[in-house]
Protein chains: 2
Amino acid sequence: MKVVFIGAGNVATHLATELYRKSFDIIQVYSRTLESASALAERVNAIPVSDIASVINDADLYIFSVKDSVLDSMASQLPKNDGIWIHTAGSVPLDIFSKYTGSYGVIYPFQTFSKDRIVDWPDIPVFIEASDACTLNTLQAIASQLSDKVSELSSEDRKYIHLTGVFACNFTNHMYTLSELFLKKINLPFDVALPLIDETASKVHSLTPGEAQTGPAIRYDKNIIDKHMEMIEDKKIKEIYRLISENIHRMN
Amino acid sequence: MKVVFIGAGNVATHLATELYRKSFDIIQVYSRTLESASALAERVNAIPVSDIASVINDADLYIFSVKDSVLDSMASQLPKNDGIWIHTAGSVPLDIFSKYTGSYGVIYPFQTFSKDRIVDWPDIPVFIEASDACTLNTLQAIASQLSDKVSELSSEDRKYIHLTGVFACNFTNHMYTLSELFLKKINLPFDVALPLIDETASKVHSLTPGEAQTGPAIRYDKNIIDKHMEMIEDKKIKEIYRLISENIHRMN
């Protein structure tokens, strides 16, 4: 299959690299700057382009991995073609493409991607959706090359998966950021927190998050909670501490 | 060394089991109920007691692993003896024991313990503090049997380690709890989030949390943030979403 990538960010990089490894033919990589297009194109033996009008029109797949806010604009500028148009965004509905082309779909890998991190593709849940049964079959075949965990999901439900990811990944990572602040205060390296972070993630493989909850908030140990609130100087972080503690107490 | 445990909760269970494995002689386990004392005593070949007055007075170590709020009261009721008194609490100062005995200290393992989870003791940072140099040496020797990462830390600094743990573990786990809610809404099992949770924890082994941050909040993608806020019905959870998103944007 001949593939064109529109976008060269983290998701595009991981997806293109893995498809290339699975013998897909990546023809072109488009990005706003030639530098960024080249960085990915080199990895997958493709031609970098920075002018959307010069994208070829005889590829089988056009995979858009760009910021949600520019997706519609990129789609409107892509030269007409008969390929399948695919996007990889959690919160953008399938039908964003309906104005522009006939066969389209979504491939949404539920994982956080950073350049230069190797991810375990077969283990990543991949959610697909398509404009019609035939396109869905093609997407199923493509996604199955990537992952052992492919399933169909509507645009509406995919929004909830995306929201899930914000809590399970983005907000979790921010808790790590905040914990690092307090370690810095006593001149300890972030490494000190890693065994605790790993065990916290590991526990929810065998316990529900409710069962795994520990700490002063679940006991609602007012004495410690008040002491901690006093120790936090920053008002916003203090408010985060208070709100999450109250919510742990309320929900458990 | 002859050891008595005051308390039979998660920390006591893991600590007693590991010391027993390292050939310490666990003589008695005290708990408020004989049932709970017996559950741990059986694992470590000790005698269960539920009357604090019947604790022997010729042990070398008395390890208090009880709720912060009852620690002082338990210490006041323990029969006088010449052993070293140790507690395992993050937010309780060393000198809580000074009214009652002469040699005392703290052994604080920085990990989350749940019964029936095996933890990797050598990898757990263990922070110690003692009433005097001689007792500190003894604690150093004991803690080194447990972990390869033993260091001295003051009561004041230990409070910050404890606060670090609340964010890195307790609040992180609550983010998992909240992510589970949204998966339930679309009838997907919590398992779907595990690869993402694991990778999020794994990333901060090679990147700082600041470098690892992804998602709509760091880009401050107002469009997605507003959509997500609309999807969250619960007011408190909506407020948590808003506050954390703003803070990610502010700090990164």
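Me: Buried means under 20% relative accessible area, exposed means over 50%, and partly exposed lies in between (1.4 Å probe, protein chains only). Is B:Asn187 buried or exposed?

Reply: This is a predicted model, in which local features need pLDDT of at least 70 and side-chain atom pairs count only at pLDDT 80 or more, while totals for chains, interfaces and linings use all residues. Side-chain values use heavy atoms, with hydrogens and water left out, residues are numbered from 1 along each chain as its sequence is written, and chains are lettered from A and ligands numbered from 1 in the order in which they are written. B:Asn187 has a positive phi of about 60 degrees although it is not a glycine. Because its relative accessibility is 70%, B:Asn187 counts as exposed.

Me: Where is B:Asn45 found?

Reply: B:Asn45 is another residue other than glycine with a positive phi, near 60 degrees, and with a relative accessible area of 62% it is exposed. Helices (H or I, at least four residues) and strands (E, at least two) are DSSP runs, numbered from the N terminus. In those terms, B:Asn45 is found in chain B, in the loop between helix 2 (34-43) and strand 3 (47-49).

Me: How many helices and strands does chain A have?

Reply: The C-alpha trace of chain A spans about 70 × 35 × 30 Å along its principal axes, and of its 252 residues 58% count as buried. Counted as DSSP runs, the elements of chain A come to 10 helices and 8 strands.

Me: Why is the pair of A:Phe167 and A:Phe171 called edge-to-face?

Reply: Rings of Phe, Tyr and Trp (its six-membered ring) pair if their centres lie within 6.5 Å, and planes under 30 degrees apart count as stacked, over 60 as edge-to-face and the rest as tilted. By this rule the count comes to 20 aromatic pairs over all chains. A:Phe167 and A:Phe171 both lie in helix 5 (residues 155-185) of chain A, 4 residues apart, which is about one turn of the helix. Their ring centres are 4.9 Å apart and their planes stand at 75 degrees, so the pair is edge-to-face.

Me: What is the relative accessible area of A:Phe171?

Reply: The ring partner of A:Phe171 in that edge-to-face pair is A:Phe167, which is buried with a relative accessible area of 0%. A:Phe171 is buried too, and its relative accessible area is 0%.

Me: What volume does the largest cavity have?

Reply: On a 1 Å grid over the protein atoms alone, a cavity is a set of points where a 1.4 Å probe fits but cannot get out, and lining residues have an atom within 4 Å of a point. Grid points are joined across faces, edges and corners, and a volume is the space filled by probe spheres set on the points. A search of the whole structure finds 1 cavity of 30 Å³ or more. The volume of the largest cavity is about 40 Å³.

Me: Which helix gives the most to the lining of the largest cavity?

Reply: The lining draws on both chains, and includes A:Thr200, A:Lys203, B:Cys169, B:Asn170 and B:Asn173. Helix 6 (194-203) of chain A and helix 5 (155-185) of chain B are the elements that give two or more residues to it. With 3 residues, the element that gives the most is helix 5 of chain B.

Me: Which residue of chain B comes closest to the rotation axis?

Reply: Copies are superposed by least squares on the C-alpha atoms of residues with pLDDT of at least 70 in both. Chain B can be laid on chain A with an RMSD of 0.0 Å by a turn of 180 degrees and a shift of 0.0 Å along the axis, and that is the relation of a two-fold axis. At 2.6 Å (C-alpha), the residue of chain B that comes closest to this axis is B:Thr172.

Definitions and conventions:
On a 1 Å grid over the protein atoms alone, a cavity is a set of points where a 1.4 Å probe fits but cannot get out, and a pocket is an open set with protein on both sides within 12 Å along at least five of seven lines; lining residues have an atom within 4 Å of a point.
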